[in-house]
Each structure stands twice: as C-alpha cells, then as structure tokens.
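Visitor: I would like a close look at a single part of this model. Please keep it brisk.

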Amino acid sequence: MSGFQIVVLWSDVLVWLLLAAGIGLAVLIARNPPLLAAWRRVGSNRIGMASATILLAFIAVGLLDSLHYRVALDGKPGEKTQYAIEVLSALDALVGPLRTENEKTYSAPFASQLYAKETFDRPGVGTVREFPRLKYGASHLQDPAALTGDVAVTALRAGGLALFGWLLLASVVALRCGGWRAVWRGDTAFAWNAVLATLALIVLTLVPLFALAGDYHVFGTDKVGQDVLYQILKSVRTALIIGLVTTLVMLPVAVLLGIVAGYFRGWVDDLIQYLYTVLNSIPGVLLIAAAVLMMQVVIDSHPEWFATAAERADLRLLALCFILGITSWTGLCRLLRGETLKLRELEYIQAAQAFGVSSWRIILRHILPNLMHIVIIALVMDFSGLVLAEAVLSYVGIGVDPTMTSFGTMINNARMELGREPVVWWSLTAAFAAMFILVLAANLFADAVRDAFDPRAA
Amino acid sequence: MAEPMLTVTDLRLGFAAGRRTLAAVDGISFTIAKGETFALLGESGCGKSVTAQGILRLLPAAGRVLGGSVGLNGAELLALPEAAMREYRGGRMAMIFQEPATSLNPVLTVGRQIGEVLERHRGLSGEPARARMLELLRQVGIADPERRLDEYPFQLSGGMKQRVMIAVALAGEPELLIADEPTTALDVTVQAQILDLLAGLQAERGMGMLLITHDLGVVARMAHRIGVMYAGELVEVASRADFFAVPRGERDALGVRHPYTQALFAALPEVARRGQKLVTIPGQVPSLAAMPGGCRFAERCPQVMAVCREQSPPWREVAAGHAVRCHWQGAAAVDASVRHAVTELDLEPGRAFLEVADLKVHFPIRKGILQRTVGHVRAVDGVSLAIAPGRTLALVGESGCGKTTVGKALLQLIAPSGGSVRLAGNELVGLAGRRLRAARRHMQMVFQDPFASLNPRLRVGEIIAEGMGALGLERERAAQAAAVLALLQQVGLPAEAAERFPHEFSGGQRQRIAIARALAVQPELLICDEPTSALDVSVQAQILNLLKALQAELGVAYLFITHNFAVVEYLAHDVAVMYLGRIVERGRAEEVLRTPRHPYTRALLSAVPVPRLEGGEQRIRLPGETPSPANPPGGCHFHPRCPQATDICRQNYPESTVLSETHSVACHWPG
Amino acid sequence: MLAYILRRLLYAIPILIGVNLITFALFFIVNTPDDMARMQLGIKRVTPEAIEKWKAERGYDKPLFVNAAAGGLGSVTDTIFFEKSARMFVGDFGRAEDGRDIAREIGTRMGPSLAIALPTFILGLFVTVSLALTLAFFRATAFDLWGVVLCVAMMSISGLFYIIGGQYLIAKMWRLVPISGFGDGLDAWRFLILPVVIGVISGIGSSTRWYRTIFLEEVSKDYVRTARAKGLPETVVFFRHILRNALIPILTGVVVVIPLLFMGSLLTESFFGIPGLGSYTIDAIQAQDFAVVRSMVFIGSVLYIVGLILTDISYTLVDPRIRFS
C-alpha cells in the first residue's frame with residue numbers, strides 16, 4: 001500500500017469553511033426563537049423538505065469530492081517519495097472503477113459492445129467489421145444475451161437491500177415520532193413523510209444504480225470512453241461551488257454597502273448608488289466575458305504558480321466565482337438599501353437613536369437581524385440561477401477550465417453528438433437531467449424558505 | 001318600528017385556518033329598517049367588519065359563510081348565485097371603507113370610478129352619466145366638480161377621497177349603505193364634516209345604514225339603534241336613547257346594560273374623571289381558536305358567576321327594543337369603588353426645566369435639473385414651549401400640523417433648523433457626541449405604534465436594557481438584570497417577560513414595554529407621541545392609568561402629543577394647540593378647554609363627537625382641510641377656514657395675545 | 001417632467017465615464033499590452049520584435065494615460081486611454097483582429113439581431129403576461145398550483161436544453177424548418193420562427209411566475225375590494241383595475257431591456273447561425289478579440305442607460321402620480 005499526500009485546494013478550504021459556517025449558523029438559529037420558528041415552518045413544508053433531502057444527497061457527493069490527495073508513486077526505498085501528478089478525491093477512491101475503467105470511445109448505457117465498428121482479422125474468416133466487446137462493461141458475462149437477466153437480478157437484489165435499509169430507518173423515525181400513522185399522515189411537526197418518501201426514492205434508484213455501475217456503464221461512455229455517471233458525480237462539486245461560493249463572495253459586499261447606503265444616506269448613498277449603477281449598466285455576460293478573458297491571460301502568463309493542473313483549474317473556478325460575485329451583488333445591494341431606508345424610519349430605530357446608541361451598533365443590533373430573511377432568501381434563490389449560468393458560460397467558453405468536469409463542459413463536449421447518426425443521446429440527457437434535478441430541488445427549497453421567511457406570507 | 005329592510009338571522013362567518021375553520025362571527029341577528037342607522041359597536045377583532053363584508057359576500061379569500069341568512073327586502077342574499085349577487089353589490093347595497101387613501105384605484109380618474117357604477121347599475125354612459133356624476137359630486141360637497149372629475153385620487157385630500165368614496169357608493173342608488181369605520185382615518189374636523197354629510201344624505205334618501213365603528217362618540221352622533229359586539233357575538237341591542245340616556249351609575253345599578261358596555265363607558269377618559277383611575281377590563285379578548293363555551297365575556301367580567309362559564313346567556317329584554325345577553329341581573333356590574341383616586345400631582349408650575357424658544361424645523365424641497373432648494377416644508381415654524389417638572393403638557397393638533405416633528409426635534413432626533421431647546425438652562429441644539437448623549441438621559445420618547453417601536457428580534461429584557469447600556473448607567477450584567485426586573489414590575493408586567501420576544505405580547509403590553517424602556521434611564525421628561533391612538537378604549541385606559549401612576553410615583557413630566565381631546569381633558573395640566581407648524585393657543589388645561597379663545601381651538605373642541613345624548617347642538621363646522629405646510633396661506637395660516645376672518649387676517653400673522661399669566665392666543669380677534 | 005428627463009440624461013454621463021474607466025482598467029491595467037500580444041501571437045512566435053510590431057499595428061505602443069514625449073495636447077490625446085476608450089464616445093471603436101471596422105460591423109449586424117430579439121420579446125411578453133393573469137385569476141385553485149409547479153419546473157431547465165432539444169426535435173426529427181442559418185427578405189421567416197419560439201418558451205417559467213406574484217400583490221389591495229363592492233364582474237375587476245396597476249411594476253423590469261434587444265442573444269444567435277451582434281460577441285470572446293469585446297461592453301452600457309431613461313419616461317405615461325407631480 002503506497003502512501004499519499006493530502007492536497008488542500010483553495011476551493012476545498014472554502015467548501016469546508018462554508019460547512020463550518022452553516023453549522024455555526026444553525027447553532028445561532030437554535031438560540032434565536034423567531035429564526036427558529038421560521039426554520040420550523042420550512043421544516044413543516046413537505047415540498048421544501050423533499051427537495052432539501054435531494055439537495056443533501058448532492059451536497060454529500062460534493063463534500064466527498066472535496067477531500068483531495070495525491071497517491072505516492074512506487075519508488076525505491078530510501079529515495080524521496082514522488083507523488084502522482086493527478087489529484088484524486090475521496091469520491092474517486094469510493095467509486096474507483098468508474099474512474100479507471102475507460103473504454104475506447106462511445107458506448108450506450110448498459111451496452112456490452114462499443115458504439116463504433118472496428119476491423120478485425122479473424123482467423124479463417126478474414127477481415128470483418130463488427131462491434132467489439134467492451135473492455136469493462138458487461139465483461140463478466142460470457143454471453144451478451146444474458147445481459148437483461150443479469151441486470152434485472154442485480155437491480156432487484158440491490159433494490160431489496162435498499163428497501164430493507166430504508167424500512168430500518170423509517171421504523172426508527174416512526175418509533176420516535178409517535179407511530180407509523182402519525183408519520184404517514186403528516187401529523188409530525190417536521191415533514192417526515194416527505195423526507196422518508198424522498199429517501200425511499202433516492203435509495204431505490206441509487207443503490208441499484210451503483211450496484212450495476214460496477215459491471216456496466218449505466219449511463220454509457222463518452223467520446224474518449226469515460227463513464228458518464230462518473231462525470232455526473234464530478235460535476236456536482238463544481239455546480240455546488242459555483243452556486244454557493246459565489247453568493248458567499250458577494251454577500252458581505254452587498255450587505256455592507258446596502259445597509260451603509262440606506263442607513264447613512266447622503267453622499268455615502270450617492271457614491272454606492274453610483275457604483276452599482278455603473279456595474280449594473282454593463283450587460284452581465286459581457287462584463288463576465290471581459291473579466292474571464294483577462295483572468296485567462298493572467299493565468300496563462302503565470303504557469304509557475306500552479307503545481308498541478310487541478311490547482312490551476314481550481315483557481316480558475318474560484319476566480320470565476322469571484323467574477324460572478326462581483327457582477328451579481330448589485331441586485332441584493334439595491335434591495336437591502338431599500339429595506340434599510342424603510343427600517344431606519346421605524347420607531348425602534350429612533351428609540352435606539354434617542355438613547356444615543358452608536359450608528360454601527362444600531363446597524364448590528366437592529367438593522368442587520370431584521371434583514372437576515374432577505375439575505376437568506378437571496379442566498380437560496382441565487383443558487384439555482386448560478387448553476388444554470390455555469391452551463392451557459394462554459395458553453396460560451398468563459399466558464400470553468402475545460403479540463404474540469406462540470407455540467408457545462410459535459411454539455412459543451414456532447415452537443416455535437418446529436419448530429420451523429422445514430423444519435424449519441426446519453427451524455428447530454430444525463431447532464432441535463434442531473435442539472436434539472438439539482439436546480440428544481442434548489443428552486444423548490446428556495447420557495448419553501450421564502451414562504452417561511454417572508455413576513456408578508458407569515 | 002318600521003318594516004325591517006335588512007334582516008340578518010343567525011349569521012355565522014369564519015376563516016379557514018389549516019384544516020379547521022374558526023368562527024369569527026358566531027350567530028348574530030339584527031334588523032335595519034328603511035331610513036334607520038344601525039351601529040355595530042365593538043373593539044378590534046370582535047368581528048364587526050367581517051359582518052359587514054359577510055352581508056355583501058365580500059369576505060377575504062380565507063373567509064367562509066358558515067350559516068344563517070341575510071335578507072334584503074325579502075330576497076335571501078346568501079342563496080343567490082354570484083352573478084345575481086353582483087346586481088345587489090354596488091346597486092341596492094353599497095359600502096364605504098375605512099381607508100379612503102387605499103380604497104380608490106390610484107390610476108383611474110374619479111369620473112371613471114364613479115362612472116363604472118353608473119354604467120353597471122343604472123345603464124348610464126356618455127353625457128347623461130357625466131351629468132349625473134357632477135350631481136353626485138355636488139351632493140357629497142365637492143367644490144369644482146367639473147375639474148375633480150378628471151383628477152386622480154392622489155390629487156385629492158383625505159377628506160375629499162372619502163367624499164368620492166361616498167359618491168361612488170351613492171351612484172347605484174342603494175337602499176342600504178354599509179359604512180365600515182368611515183371616519184377613523186380622518187382628522188376630527190374632517191370627521192365632523194363626513195358624519196354630517198352621511199347623516200344628511202341618509203335622511204334625504206331614506207337609506208338604511210349599517211355603521212361599523214369603535215367610537216362611542218360617533219355612535220352617539222349617528223346611530224338610531226346600536227348593537228354591541230364582543231368576540232363574534234352581539235351582546236346588547238338598544239335604541240340610541242336607551243343606550244346613552246341613562247346617567248351612568250344610576251340605572252346601570254339596575255343592571256340594564258351589559259357589563260361589557262358598562263366597562264366600555266367607564267374606560268373612557270374625560271374631564272370628570274381627572275384624578276381618578278379609569279376602569280379597565282382585565283385580560284384579553286379570547287382568541288378565535290380558544291373560544292370559551294359559556295359567556296365569552298365571563299373571564300373578564302367583574303360579576304362572573306358559575307353559570308356564566310357553563311351556559312351562553314340567552315337574550316333578555318330589559319325594555320322595549322333593548323335586549324341584553326347576560327346572566328347577571330343585579331346592581332352595577334362595574335364597581336365604582338375600583339375607581340379610587342390616584343394622587344393628583346397638580347404641582348404649581350415651578351421653574352420650567354425644558355424651555356423651547358422659536359423652534360423651527362424646515363425640510364428643503366428640491367426641484368429642477370440640479371436639485372436646487374426651491375422652498376421649504378415648514379413642518380415646525382417657530383414653536384415656543386415650557387415644561388415644568390412633574391406636569392403634563394398636551395400638544396394637540398390634527399395630522400400634518402407638525403406635532404410629532406416637535407417631539408423628535410426636542411430629542412434632537414431631527415436636527416432643528418433654528419431656535420433653541422434648553423434643558424435645565426443648557427442649550428441642546430447643535431450638540432453632538434457625548435454631550436448630546438448625556439442630555440438625552442433626561443428626556444425619552446414613547447412612540448405611537450407599539451408594533452413598530454420594539455425590535456422583533458430582541459428579547460424584552462434586551463430591549464429595556466438598551467438605554468442603560470448605551471448611556472452607560474448600569475454596565476454590570478447583574479445590576480442591569482435587576483433594574484430590568486424592577487422596571488417590568490413598575491409597568492405591571494411579570495418578571496418572566498424579560499426572556500420573551502415582543503411578538504408574544506398584545507398591543508397594550510407592548511406599549512408597557514416601550515414605557516419601561518424609556519423609563520430605564522430615569523428621564524425627567526417623557527415625550528409620548530400618541531401612545532394610545534393605536535389601542536382599543538379599554539387598553540387605552542390601562543396605559544393612561546399607568547402613565548398617571550408613574551407620574552405620581554416618579555414625578556416625571558410628560559409632553560403628550562395627541563389629537564384626542566378626551567385624553568387631553570383627562571390627563572393634561574397644560575395644553576398647547578398647534579396648527580400648520582405653529583402654536584395658536586396655549587394655557588392651563590382648564591383655561592384652554594373651558595374658555596377656548598382661538599377659533600381653531602373652539603372648532604376642534606366642538607367637532608369631537610361626545611358619547612352622550614346631549615351636546616353637539618351648536619357645532620362649529622370648519623370648511624376645507626389643513627393646507628400643505630409647504631405652502632401655507634399668507635397672513636394668519638388659519639384664515640381660509642376661519643369663520644371670523646377679516647382683511648387683517650389675510651395680511652398679517654397675528655401676534656400672540658397674552659390673556660392671563662398662563663393663557664395666550666395667536667389671533668387677531670380672540671373670542 | 002422635462003427637467004426630470006434632462007436630469008436623468010445628465011446623470012448618464014458620469015455613469016458612462018465610470019463604465020469606460022472600469023473597462024479600461026480591465027483591459028489595459030490588469031494585463032499589459034505585452035501580455036495580450038504574447039497571448040495573441042502564441043508561444044512560438046514570441047520575440048520582442050513581434051510583440052512590438054503587434055502593439056504598433058494596433059496602437060497599443062503608446063503610454064496609458066500621459067504621453068510625456070508628445071507634448072502639448074498630444075500628451076493627453078496620444079495615449080491608449082484617449083485612443084481606445086475616450087474615442088468610443090464619438091462612435092469610433094477601432095478595428096477588430098481581422099482588420100474590419102468594428103462600427104461598420106455593428107451597423108450591419110444589428111438588423112438580424114433585432115429580427116430575432118424583437119419578436120421574441122413582444123411575443124414572450126404577451127404570452128407570459130396572459131399566462132400570469134390566468135393563473136392569478138384562478139388563484140388558490142388546483143389549476144394555479146399546478147401552473148406554478150410547471151413554471152418552477154420550466155425555469156429549472158437549462159436554456160441550452162431548450163435550444164438543443166428544440167433544434168433536435170423540430171428541425172432534425174420533424175424537419176419542419178431549417179436547423180440554422182439566416183436569409184434575406186421575406187424568406188427570413190423560415191429561419192426566424194424556430195429561434196423565436198424557443199426563445200419564448202424558455203422564458204415562460206420565470207417570467208410567468210414573476211408576473212403572477214405582481215398580480216397577486218395587486219389582488220390583495222383595498223381598491224380591488226372597492227371594485228368588487230361595486231358589483232363589477234371579476235373579469236372587469238381584473239382587466240380594468242388590477243392589470244393597469246400591475247403594469248407599473250412590470251414596466252420597470254421590461255422597458256429597461258428594450259434597447260438591449262439590439263445586442264441580440266448570445267446563445268440563440270450562435271446556435272442558429274444568425275449573423276447578429278450576439279454571435280459577433282461570442283466569436284470575439286472565443287477568438288479573444290479584445291477590441292470587439294470592449295466595444296460591445298460600451299455599447300451595452302449605453303443601451304442600458306437609454307433603457308433606464310425610457311423606463312422613467314414610460315412611468316410618466318402609465319402612472320398619473322408621476323405624470324402630474
């Protein structure tokens with residue numbers, strides 16, 4: 001067993017910081033009854049909780065993919081160990097074969113043969129053109145005709161296992177929440193029935209899928225023979241980082257400037273308004289394009305900054321997040337400025353002013369907490385938009401590094417395949433479907449959060 | 001009694017809340033005859049507005065009709081299909097709403113909004129419709145109707161908007177007019193105009209009218225018969241004469257009126273009750289989700305008996321046309337002995353410790369390309385006041401007169417444009433930083449809206465302690481916590497309130513918290529900006545009692561900013577009357593209230609509807625409404641509305657005339 | 001009112017200057033012209049002479065802000081800032097990498113862009129407002145609920161999917177219209193219909209939902225209750241009272257994008273091979289043609305500011321409160 005070296009990418013730092021911030025926020029919320037009440041309303045929303053369950057599954061994949069390491073190369077004892085140039089993650093280790101078992105080129109989902117004919121010299125028959133068997137996919141079968149039966153048996157077995165696991169979990173929940181009936185009919189304060197139903201759906205799809213993924217390419221392979229399921233899994237982290245880190249980058253700027261402009265008014269307000277009108281007046285895509293082009297020049301002219309390709313791709317991803325953040329804070333800033341203008345006229349702010357409470361303390365104690373719902377709503381609402389934007393930007397050529405797997409690069413690489421005859425549909429379909437599920441879950445969750453936090457809805 | 005036109009029988013209305021439906025109106029019955037005004041009287045949340053909406057079948061989305069019947073001249077309204085019901089709505093019955101500012105469509109002209117009723121119900125359009133609209137506008141007392149017809153609601157004043165609403169309602173020639181708090185959002189002089197108008201129109205047209213109100217004075221002015229509502233039920237129905245004629249305390253002793261009605265009357269602040277504690281109703285209206293089974297007033301009733309908690313009381317006729325729903329038949333339900341005197345701290349005015357001279361607050365009006373200042377809104381334009389320790393100065397005026405701005409300018413929350421505010425001889429205007437903070441210790445403010453004046457994200461304890469921390473009074477946590485507990489006790493709240501959040505408290509309790517917060521820094525002066533105007537009468541009585549007790553105990557002085565003369569009469573030692581940024585009359589309360597010398601003061605006093613049968617015979621009616629402070633009339637600001645105005649009034653603003661040591665008036669012709 | 005519009009026009013000047021400074025900083029200070037030359041020329045040909053030649057051909061060999069050597073007025077005008085940024089104010093955008101005049105190119109490409117963007121915009125607005133009105137009319141019913149769910153699902157689908165899927169289904173499988181391309185004159189409609197339909201459909205989800213919330217906000221207002229109390233039928237309440245008020249917030253979001261229609265749509269034009277400004281931009285981005293990207297940023301901001309002014313003017317048309325004050 002060779003050793004390994006832990007690699008901490010910048011985006012990993014941010015991801016785990018985000019997780020820590022999320023946990024910290026949860027602790028804070030637990031201590032503040034009004035906020036807790038709002039989250040309880042989210043918790044009782046069935047659609048919201050079902051989508052949260054799906055989001056959590058995506059997040060789990062993303063987190064696993066954020067623990068990076070480099071494997072030590074076999075060297076002579078006594079020599080300094082050399083590490084592989086390739087940066088792997090915990091996810092890669094878990095789904096090992098998916099990463100390594102590459103075919104020659106396209107193969108359809110559950111195929112046993114390659115998608116393109118090759119020329120063989122058969123002794124006695126001569127030269128024939130036929131579809132060769134895959135190197136890995138369904139290679140354990142002697143006869144490809146047994147494929148359907150094998151798939152069905154494996155899927156059923158795994159499905160049974162999943163069902164058993166789910167029943168175990170469900171009975172724990174039922175025991176703790178007052179019986180099956182109460183859980184099923186939705187009499188619990190937390191929407192357990194929605195969570196359990198979604199979980200059932202997830203495990204009953206995913207467990208058989210992964211059980212089959214060992215022997216087959218369940219979503220097929222792409223042009224260079226890479227497993228599509230593996231690409232989907234790797235894309236999740238990219239999407240999550242774009243969706244979350246971007247908001248995180250812009251949030252402090254938007255909150256600070258918005259509140260300061262609304263609270264102090266006067267020339268500060270004029271200046272901040274001028275700033276965001278200028279940024280706003282440049283069409284978003286063009287500003288991003290310009291900034292990304294410039295960033296590319298910077299990265300290309302400083303190759304010495306990066307030890308591995310992964311590091312370079314990672315920095316480019318973060319830079320993209322910053323650029324997206326800089327171009328998208330104006331909306332939230334304007335919204336917060338308007339709300340602050342309203343809040344500062346409220347009587348409890350004036351009461352604090354009458355005590356001579358300092359302006360910054362008023363902002364921290366009275367204004368910021370009463371704007372938190374807007375910030376939270378903005379955070380979850382922006383997520384889906386950013387995930388969608390990544391795909392478009394990668395298509396235009398100003399997205400993530402082409403070597404980094406993302407929904408955008410997948411679509412970009414696969415879009416010409418629809419023109420082939422017969423059609424290679426699986427890459428595109430898988431990428432669009434995965435993105436649709438992620439974005440739909442995020443949108444539905446955002447709706448639940450907004451309904452719970454919007455004071456007008458309460 | 002004439003043949004009933006509207007017959008409401010056992011009407012039940014509710015709201016869908018999750019899987020349940022909560023009854024907001026639970027089986028009320030009444031009738032209205034042609035030409036009769038029936039007033040539904042009750043405090044907020046008693047279901048009176050829901051009743052009005054239910055009759056028109058205009059309930060909000062979650063509203064449900066649960067049962068009963070509504071008959072209009074024999075037709076059963078609740079059974080009509082929606083299309084047929086629309087023939088009634090706006091045609092045979094019409095409604096006026098509380099907020100004229102939001103009840104008219106902002107982007108349609110006045111003519112369009114009246115015209116669509118004429119077209120819908122009278123089949124009029126084109127020239128005849130326009131003629132009819134002009135006639136209607138004239139009837140509701142709008143001058144220059146030709147111009148107004150093509151104007152938009154935002155171009156009209158509040159009173160004029162309500163007149164347009166009335167014209168809209170009248171356009172369909174209704175047999176029944178439903179008026180839901182038609183004057184609550186209006187100033188008292190405008191309220192008087194609108195009430196006169198409604199009474200006149202009703203008499204002229206012989207309409208039936210259902211008047212929804214919380215104001216006993218409005219009831220006394222308008223109603224022929226009265227129904228008192230409590231928690232979704234009618235508890236008393238009486239004619240105006242029966243309802244008001246009884247001298248309180250005598251025939252009440254015979255148990256004629258419902259204990260709730262008696263308590264409502266007893267909670268009213270008025271001059272006769274100066275120096276006495278007002279009667280309050282303990283507890284709160286039960287919530288819709290937890291209605292008690294028996295009498296709904298039982299928990300708060302001073303005369304509660306065992307039977308009250310078990311059975312809902314039946315109707316009992318105490319006189320012809322006067323019925324009460326109460327088990328109690330004994331002597332006065334409201335015990336007069338609770339009305340023991342509070343120590344009246346009517347100190348001789350000593351040396352004033354707060355002196356305000358020629359205070360001015362002008363807001364610039366900017367216009368044009370470069371946003372140059374082209375004029376000023378003279379919100380406060382030369383106000384002089386003095387407040388002595390332990391006394392209450394009431395600053396009275398209608399909306400837009402600048403009284404709230406005065407309060408904020410005293411605290412330096414708004415920077416004054418001129419004049420001086422001297423606290424114990426020290427000038428506050430222009431002060432900043434630490435010295436201003438030190439001065440603010442001596443003055444604090446209680447705001448109007450108890451829902452906007454407490455930060456919803458802070459615990460009550462933190463809210464109260466904020467001032468102590470900011471002004472550096474109690475830095476230690478333990479001492480601060482002890483001080484908070486003492487303050488909570490002082491304002492009559494339990495100690496555990498400190499750990500709770502504002503949303504868990506009712507309006508009255510919130511106002512107590514706000515008072516505790518202000519008292520936390522031990523100020524000598526409390527500026528109370530309409531602290532009771534958002535509260536129900538019975539809750540208002542609690543707050544007024546508290547303020548009086550605190551003054552007796554702590555010797556704190558009040559600047560009481562209000563538009564409510566009843567409160568002034570009950571509470572104030574000194575009175576200053578404001579009109580368009582200036583004080584027009586000031587003096588001792590008895591001087592100003594008994595012998596008002598400024599025509600505006602006299603008109604204001606006579607415009608207040610009194611909850612009595614007598615009174616209101618020689619009402620002075622002011623024409624028009626308060627002009628904009630951006631462009632006040634030349635000469636005496638009041639001259640366009642003044643019945644006594646002469647040429648000199650149109651040219652010069654009157655100097656202040658000193659009438660006595662304490663009483664002065666700014667009028668050329670002090671009456 | 002005239003003063004108001006004039007004031008907005010004056011306010012546009014500092015904003016344009018700000019935009020110009022930002023783009024200038026992005027293109028010339030983050031990276032020096034030397035970096036860009038190296039990037040454009042590729043690794044092989046990088047010699048100091050080649051870089052100097054490249055810079056001289058494009059006028060990047062001057063100082064950034066102050067040319068001390070030129071003297072007189074030239075010390076300000078004979079600089080990169082003046083030549084490349086300030087001259088954009090008079091419509092001089094310089095030349096693209098392929099040597100063509102950018103201003104002329106923009107002029108010829110506006111037409112095709114507008115041919116796609118304008119019908120998409122008008123049709124899309126009509127469809128989404130009608131749908132939103134229908135949903136609001138049937139609010140709190142199952143129809144409304146499923147309508148909203150459908151909207152959320154539609155807005156969760158990537159825009160790329162609408163285009164790729166639409167092209168595949170309508171043009172490739174059913175062969176109803178050509179997949180891509182652009183024609184002149186009357187023949188153009190065959191090329192236009194697919195991008196327009198796809199553009200409209202891809203916008204349905206988010207716009208319908210957004211307009212529906214605006215309508216619902218109006219429905220809960222007091223004047224609607226007054227209108228119902230007049231006995232007006234629900235359709236009249238909606239079309240006469242609610243629609244007119246809801247138009248005001250809808251206008252804010254809509255009018256501002258009208259001038260930007262000239263810019264075309266990046267994705268649609270590139271997928272359908274339409275020779276408009278959108279595909280021009282995308283080609284420039286992919287070819288790393290900085291001069292073109294810079295020009296498009298400037299034009300985009302100008303059009304946005306025009307949109308802001310148009311919004312102000314349209315307010316005065318629909319909202320009497322602004323018209324008369």
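Into which domains is chain B divided?

Guide: Bear in mind that this is a predicted model. Chain B is divided into three pieces: domain 1 (106-173), domain 2 (250-338) and domain 3 (354-442 + 523-666). Domain 3 is written as two stretches, 354-442 and 523-666.

Now take domain 2 and domain 3 of chain B. Their C-alpha centres lie 37 Å apart. The two domains also touch. On one side, domain 2 of chain B gives 14 residues. On the other, domain 3 of chain B gives 13. What is the domain 2 side made of? By class, it has nine nonpolar residues, four charged ones and one polar one.

Along the principal axes, the C-alpha atoms of chain B fill a box of roughly 75 × 65 × 50 Å.

Of the 671 residues in chain B, 51% count as buried. Look next at contacts in chain B with a separation of 6 or more. Residues 24 or more positions apart account for 69% of them.

Technical notes
Residues are numbered from 1 along each chain as its sequence is written. Chains are lettered from A and ligands numbered from 1 in the order in which they are written. This is a predicted model: local features need pLDDT of at least 70, side-chain atom pairs count only at pLDDT 80 or more; totals for chains, interfaces and linings use all residues. Domain bounds come from an automatic or database domain assignment. Two residues are in contact if their C-beta atoms, placed from the backbone, lie within 7 Å. Ala, Val, Leu, Ile, Met, Phe, Trp, Tyr, Cys and Pro count as nonpolar, Asp, Glu, Lys and Arg as charged, and the others, Gly among them, as polar. A residue is buried if 20 or more other C-beta atoms lie within 10 Å of its own, exposed if 12 or fewer, and partly exposed in between; C-beta atoms are placed from the backbone.
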